[in-house]
Amino acid sequence: MINKMKFTLAPFLLLLTLGACSDKEEAASTEETAPETEVQQDAAAEQPASKMELPASDEVAVVVNGEEIKGNIYNSVARQLESSLATQGQDTSSAETAEQVKSQAVTVIVGNKLIIQDAEKKGHKADETVLKERLEEMKGNFESEEAMNETLKSTGYTMEDLENQLREQLVYESYVAKEIESGKVTDAEVQEAYDGFVESSEQEAPAFEEMEPTIRQSLEQQKTQDAVFERIEELKKDAKIEVKV
């Protein structure tokens, strides 16, 4: 199953997609293109065909409290979730998996849109200076602005879509920092997590002191994500949601 932690990733899926594309572009510019081997060809042929039915980029996929979410957003989320399943070794060619991805994609989109709407209602806004800085950072990952625009076009997005998503990311971060109470991670919880890691690890685990900061940070993120999920469930009670896909 795809777990609820995907909720916090949804507003930034385009950013992740662009990041991956810029990495590929960089790799392509520094490596010579080699002929495809028979093994590579066989591996490509073995990739199962997706059973997902994706809407057109400009088609309305979901409506949340009167706000329309277009197909390009839905498709980006659905593809990312399907990719996650594939990397976990799950068969993504079945109709059952396609339905699972569809259901989870809608849930993710609705959850994040509810958070953004509540954030804006409470007065959270994106810092435009930070927005410009992050946009320039994103542009810096590409060889040229033209290359970035081509990547955007291939994913069904525009530069305006990218700016809007960056803006939502900043609003989301402000909301979580000021509105979400996740509770503190206790020393006992850190110790319990470390003991569980030691017990399940096939190799000798690092000392507790070495792993403690990483474990604590991970548990803090987990609690924040759980708290966000609970807030989404509260917001759903009074929300009007229409699924068009």
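A quick word on the ground rules. The model is predicted, so to speak with care, local features need pLDDT of at least 70 and side-chain atom pairs count only at pLDDT 80 or more, while totals for chains, interfaces and linings use all residues. Residues are numbered from 1 along each chain as its sequence is written, and side-chain values use heavy atoms, with hydrogens and water left out.

Let's start with charges. Side chains of opposite charge can pair when their charged atoms come close. The structure holds twelve salt bridges, each being a side-chain nitrogen of Lys or Arg within 4 Å of a carboxyl oxygen of Asp or Glu.

One of them joins lysine 113 to glutamate 67, at 3.0 Å from N to O. Lysine 113 sits in helix H4 (residues 95-121) and glutamate 67 in strand E2 (residues 67-70), so this contact ties together parts 46 residues apart in sequence.

Is lysine 113 buried or exposed? It counts as buried, at 9% relative accessibility. For the cut-offs, buried means under 20% relative accessible area, exposed over 50%, and partly exposed in between, with a 1.4 Å probe and protein chains only. Glutamate 67, at 31%, counts as partly exposed.

Lysine 113 also has a salt bridge with glutamate 168, where the closest N and O atoms are 3.0 Å apart. Glutamate 168 belongs to helix H7 (residues 159-179) and lysine 113 to H4, so that pair ties together parts 55 residues apart. Glutamate 168 is partly exposed, with a relative accessible area of 23%.

Arginine 134 and glutamate 173 form a salt bridge at 3.1 Å between the closest N and O atoms. Arginine 134 is in helix H5 (residues 128-140) and glutamate 173 is in H7, 39 residues apart. Arginine 134 is partly exposed at 25%, and glutamate 173 is partly exposed at 33%. As for shared partners, salt bridges join Glu67, Lys113 and Glu168 into one network.

Now to helix H6 (residues 145-154), whose buried residues are Ala147, Met148, Thr151 and Leu152. Seen down the axis, they fall within an arc of 140°, so they line one face of the helix; the arc is taken from the directions from the helix axis to the C-beta atoms. An α-helix has 3.6 residues a turn, so residues three or four places apart point the same way. The face turned away from the buried side carries the exposed residues Glu146, Lys153 and Ser154. After H6 comes glycine 156, with a positive phi near 80°.

How many aromatic pairs does the structure hold? There is one, where a pair needs ring centres of Phe, Tyr or Trp (its six-membered ring) within 6.5 Å, and planes under 30 degrees apart count as stacked, over 60 as edge-to-face and the rest as tilted. Tyrosine 194 and phenylalanine 208 make this edge-to-face pair, at 5.2 Å centre to centre and 85° between the planes. Tyrosine 194 lies in H8 (residues 187-200) and phenylalanine 208 in H9 (residues 208-236). Tyrosine 194 is buried at 11%, whereas phenylalanine 208 is partly exposed at 22%.

Conventions. Helices (H or I, at least four residues) and strands (E, at least two) are DSSP runs, numbered from the N terminus.
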